[in-house]
Amino acid sequence: MSETSFTETEERRSLRKEVARLAAGYGREYFVKQARSGGKTTDLWLEIGKNGYLGINIPEQYGGGGGGIGDVAAVCEELAAAGCPLLMMVVSPAICGTVISRFGTEEQKQRWLPGIADGTSTMAFAITEPDAGTNSHNITTTARRDGEGWILKGRKIYISGVDEARNVLVVARTEDARSGRLKPCLFVVPTDAEGFEYTPIPMEIVSPEQQFSVFIDDVRLPADALVGDPGNADAGLLQLFAGLNPERIMAASFSTGLARYALDKAVAYVKEREVFGAPIGSHQGLAHPLAQSKIEIELARLMTQKAAALYDAGDDMGAGEAANMAKYAAAEAACDAADRAVQAHGGNGITQEYGVAGLLVAARAGRIAPVSREMILNYVGMHSLGLPKSY
Ligand SMILES: Cc1cc2nc3c(=O)[nH]c(=O)nc-3n(C[C@H](O)[C@H](O)[C@H](O)COP(=O)(O)OP(=O)(O)OC[C@H]3O[C@@H](n4cnc5c(N)ncnc54)[C@H](O)[C@@H]3O)c2cc1C
């Protein structure tokens with residue numbers, strides 16, 4: 001984002017155009033066909049990787065484009081706006097790519113980042129557990145020392161894309177050698193490691209990307225599977241915090257892209273469909289809700305761009321508030337846009353042929369994951385308004 005105006009730079013705008021052009025070659029039909037047939041979006045994933053869009057935020061010396069979170073968020077938004085929302089973009093380049101770029105050892109960066117950047121070695125992210133839920137302080141996946149290495153044990157739930165990932169960045173806890181207190185720590189676990197098992201959770205989202213229950217049964221890991229410096233007692237916590245803003249900015253872009261796709265479909269339909277001798281879009285009962293969506297989407301995009309600009313400028317605190325607000329606004333905009341798109345289509349809105357109702361659950365998931373709207377409201381209540389912590 002340029003400093004003197006509220007428009008994106010020329011470079012960012014042309015990035016959007018290039019990605020939109022690439023995505024149009026796939027489109028919603030491709031995405032839904034893959035989802036309904038049990039297929040994957042690997043060819044699209046590898047093509048965006050090959051063109052340098054997937055790892056655009058990864059440092060150049062590790063195979064990336066050397067750009068910022070704003071760039072990779074723009075890629076994510078344009079893909080979703082073309083009907084191909086790729087959840088793994090939030091996870092692999094944005095969360096895992098950021099954590100490893102910022103905290104990995106030199107050797108770890110060289111080993112993992114190039115494959116994240118070109119899409120050949122996707123990394124999933126696993127923090128959620130069945131019993132801990134939103135309260136990630138209560139996770140029980142544990143790492144214990146095994147000579148030089150580690151033994152990992154625990155269970156995770158709703159982990160996206162494990163079947164498409166080569167590795168998973170797993171959040172666990174371990175005992176601090178000095179204080180004896182449990183502290184968070186992050187491990188890169190190969191999906192083919194012995195004792196690492198996963199089963200798909202049947203979800204109602206129309207997407208080739210699936211969620212999994214993960215069972216980690218005494219998985220043996222080498223010493224360097226632990227991300228970063230083992231001597232730093234707060235390393236895991238810092239790493240987790242570092243992933244939060246990118247995660248929220250990307251989730252916001254995912255939702256605004258989805259919202260744009262839904263709105264475009266609705267607008268095209270109401271311009272054509274006639275039932276009382278004029279296009280149904282001429283009735284304010286339909287035009288106004290769609291105009292509201294246009295406003296909500298633009299507001300969410302603006303806040304997302306602000307969050308990304310602050311984050312890329314190194315202002316983590318400022319970015320935190322903006323990223324939470326952007327994520328909130330974008331999820332709301334997407335839910336409203338999907339619902340209004342269904343309404344505008346009448347009965348056709350519920351058919352598979354028109355493919356609008358399928359957007360409802362995907363948009364709705366944005367209110368829950370990766371962070372729920374309630375936790376965002378908690379954040380804004382506490383940090384922006386100075387209200388007492390309520391939980
Ligand atoms: C499509 C999808 C993909 C996902 N992918 C991943 C992934 O790749 N990796 C991963 O680790 N996780 C993933 N998740 C998990 C996701 O991050 C969690 O579902 C989410 O954090 C909520 O946790 P929970 O489902 O346990 O809900 P719970 O913690 O059981 O919460 C249930 C409800 O209670 C509310 N609530 C809880 N505590 C409070 C409070 N203090 N104040 C107000 N309200 C509260 C929540 O907001 C929510 O509405 C995914 C989830 C989905 C749906």
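Student: How many helices and strands are in the protein chain?
Tutor: There are eleven helices and seven strands, taken as DSSP runs (helices H or I, at least four residues; strands E, at least two) and numbered from the N terminus. This is a predicted model, where local features need pLDDT of at least 70, side-chain atom pairs count only at pLDDT 80 or more, and totals for chains, interfaces and linings use all residues. Residues are numbered from 1 along each chain as its sequence is written, and side-chain values use heavy atoms, leaving out hydrogens and water.

Student: What does the C-alpha trace span along its principal axes?
Tutor: About 80 × 45 × 40 Å.

Student: Switching to serine 253: where does it lie?
Tutor: Serine 253 lies in helix H7, which covers residues 235–272.

Student: Is serine 253 buried or exposed?
Tutor: Serine 253 is buried, because its relative accessible area is 1%; buried means under 20%, exposed over 50%, and partly exposed in between (1.4 Å probe, protein chains only).

Student: Which residues is it in contact with, leaving aside neighbours within four places in sequence?
Tutor: Serine 253 is in contact with Ala73, Cys76, Glu77 and Thr304, where contact means heavy atoms within 4.5 Å.

Student: Back to the whole chain, what percentage of residues count as buried?
Tutor: Of its 391 residues, 51% do.
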